[in-house]
Amino acid sequence: MTAFTLGEATAIALGRVRAGAGQSAGRATGGTTGAVPGLAVPGLAGVRVRAPARSGAPHPTGAPIRRDSIEAGTFEAHFFVVPAKGEPDRLVRMARAALDAGRRLKRAVRAEARVLSPAEAALTAMTAGAVRVFEALCTLARLNQGRVFPTYDWLAEATALGRATVARGLRALELAGFLVRQRRFKRVGAAAGRAMDSAATGDPGGDPGIGEARSGAPRYAQTSNAYRPLAPVRLLPHLPRWMAPPPLPADAVQRAADRADAVAAMHAGLSCRELAETLVGGSLGRVLAKLGATIDRGAPQRAGCESQNDPQPLLDSKYPRRNGLGLVGRDDDA
């Protein structure tokens with residue numbers, strides 16, 4: 001008779017349960033359990049091992065798309081802007097001037113040991129590779145009427161830079177304000193989905209119905225990002241004065257102020273439900289609209305309550321307390 005401790009007995013039991021689950025999963029998927037070939041670990045035969053990322057680091061979530069990605073073809077009409085005549089060239093000149101200003105700031109930091117502001121730190125992060133990448137993006141914006149969505153590989157080939165250098169340059173441009181970047185994903189087609197299912201299940205036949213039901217292959221894939229070149233407002237004080245845009249005429253400023261006042265007056269006259277539907281969209285807007293409708297239904301009962309729109313300041317409350325209660329004890333003339 002063989003004696004085991006409690007820990008050894010528990011480990012053996014868990015190993016048998018996991019091994020049985022792995023064999024059942026292998027029979028269901030045609031003999032594939034997702035384990036690493038040539039690696040036999042007792043009790044871990046049915047555990048699926050995630051494939052490593054391209055960089056060698058494990059993917060944090062295993063999701064097929066990256067965070068903050070939007071489906072391609074759903075937002076480009078509002079994202080891309082056709083550049084004005086000569087605007088891409090002006091942006092490239094601003095990027096080159098920003099590179100020179102950043103180099104001067106670096107020399108000043110080494111000589112004077114000064115502390116940089118966030119805008120100055122973004123300016124010193126500009127590199128020659130970032131400017132070269134920005135030139136390629138501005139060229140695409142001029143040729144394609146503002147529709148810029150190249151891949152990292154295309155940018156690396158067009159600029160003769162490495163893929164990692166292109167990625168660092170894009171981050172520096174985005175930090176400085178020269179670029180707006182939006183991640184995108186696309187739907188995987190039926191043929192591509194069947195190919196992914198065949199690779200996941202080991203079935204070269206690729207029955208579309210059975211393959212989709214057998215494996216959890218993603219139906220979405222990451223695609224190239226969308227880019228929009230911009231003039232960095234935060235860096236204008238550090239650039240030559242001739243690069244700053246001309247000030248708006250006084251009548252244009254007055255029209256903008258009048259329009260803002262009219263919009264504010266319109267919003268003040270809306271109910272809570274209408275205000276939520278006007279200012280917020282999507283699922284959040286629908287939820288806020290329901291809450292606003294509930295508040296609107298209870299408004300007649302609160303008609304006699306004090307309104308919190310444009311409250312009057314309590315001017316007498318600035319006096320220190322002396323005698324009495326409330327504002328009477330704080331007022332010198334009371």
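Me: How many helices and strands does the secondary structure of the protein chain come to?
Reply: This is a predicted model, in which local features need pLDDT of at least 70, side-chain atom pairs count only at pLDDT 80 or more, and totals for chains, interfaces and linings use all residues. Residues are numbered from 1 along each chain as its sequence is written, and side-chain values use heavy atoms, with hydrogens and water left out. Helices (H or I, at least four residues) and strands (E, at least two) are DSSP runs, numbered from the N terminus. On that basis the protein chain has 12 helices and three strands.

Me: What percentage of the 334 residues in the protein chain is buried?
Reply: Buried means under 20% relative accessible area, exposed over 50%, and partly exposed in between (1.4 Å probe, protein chains only). Of the 334 residues in the protein chain, the buried share is 25%.

Me: Which residues touch the most other members of the largest nonpolar core?
Reply: A nonpolar core is a set of buried Ala, Val, Leu, Ile, Met, Phe, Trp, Tyr and Cys residues joined through side-chain atoms within 4.5 Å. The largest one holds 37 residues, and helices 3 (87-112), 4 (118-124), 5 (128-143), 6 (152-159) and 7 (163-176) each supply at least two of its residues. The members that touch the most others are Leu137, Leu170, Leu173 and Phe178.

Me: Which residues is Leu170 in contact with, leaving aside its neighbours within four places in sequence?
Reply: Contact means heavy atoms within 4.5 Å. With those neighbours left aside, the partners of Leu170 are Val133, Leu137, Tyr152, Leu155, Leu179, Arg181 and Tyr227.

Me: How many Å apart are the end C-alpha atoms of helix 3?
Reply: The expected span of a helix is 1.5 Å times one less than its number of residues. Helix 3 has 26 residues, so it should span 38 Å. The computed distance between its end C-alpha atoms agrees with this, at 36 Å.

Me: What is included in the cover of the buried residues of helix 3?
Reply: Buried positions in helix 3 include Leu91, Val92, Met94, Leu99 and Leu105. Their cover includes helix 4, helix 5 and strand 3 (220-229).

Me: Is Asp68 buried or exposed?
Reply: Asp68 is found in the loop between helix 1 (6-28) and strand 1 (70-71). It has a positive phi of about 65° although it is not a glycine. Because its relative accessibility is 62%, Asp68 counts as exposed.
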